[in-house]
Structure formats: C-alpha cells, structure tokens
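Have a look at the sequence and the model first.

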Amino acid sequence: MLKKHEFSVDMTCEGCSNAVTRVLNKLGGVQFDIDLPNKKVCINSEHSVDTLLETLGKTGKAVSYLGPK
C-alpha cells in the first residue's frame, strides 16, 4: 500500500523543483506533487521515509520530513 508523506524542501525556483522531479523519477515507484510556493513535496510511495529523505537530499537542498499526510 502506498503511504503519503509530506516533506519540506528548500526550493526557490523552477530549477529546484525540476531537480526534485529528477531524483524522484530516478528512484521510481513514487507519485508526487510539488508545491513550489510553499516549498513542500507530497510523495505517495512504498519507500521508507529514510529512503525518500536521502533521495531528496541528493538535490543539495535543505530537506525535512513534515509527517504523514
């Protein structure tokens, strides 16, 4: 079953959200929604929070887990 998680990612522009899209698509098995103005990424996935945090961290942005959605 897919779990829905919300993360805060320090995105300031379209390039930032594209970086997030890139790393998540590379990981695979995720459905996600990026809210650039509020710097939030909502992810539906079977991956663990740790895996998702590590993946989002590859963008070089500050990332934090906000909790289940």
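**Notes on the pairs**

1. K39 and D10 make a salt bridge, with their closest N and O atoms 3.2 Å apart. K39 sits in the loop between β2 (30-35) and β3 (40-45) and D10 in the loop between β1 and α1 (14-27), so the pair ties together parts 29 residues apart in sequence. (A salt bridge is a side-chain nitrogen of Lys or Arg within 4 Å of a carboxyl oxygen of Asp or Glu; helices (H or I, at least four residues) and strands (E, at least two) are DSSP runs, numbered from the N terminus.)

2. Before going on: this is a predicted model, where local features need pLDDT of at least 70, side-chain atom pairs count only at pLDDT 80 or more, and totals for chains, interfaces and linings use all residues. Residues are numbered from 1 along each chain as its sequence is written, and side-chain values use heavy atoms, leaving out hydrogens and water.

3. How many salt bridges does the structure hold? It has two. K69 pairs with E6, the closest N and O atoms being 3.9 Å apart. This one links distant parts of the chain, 63 residues apart: K69 is in the segment after β4 (63-68), E6 in strand β1 (residues 3-9).

4. K69 is exposed, at 58% relative accessible area, while E6 is buried at 16%. (Buried means under 20% relative accessible area, exposed over 50%, partly exposed in between, with a 1.4 Å probe and protein chains only.)
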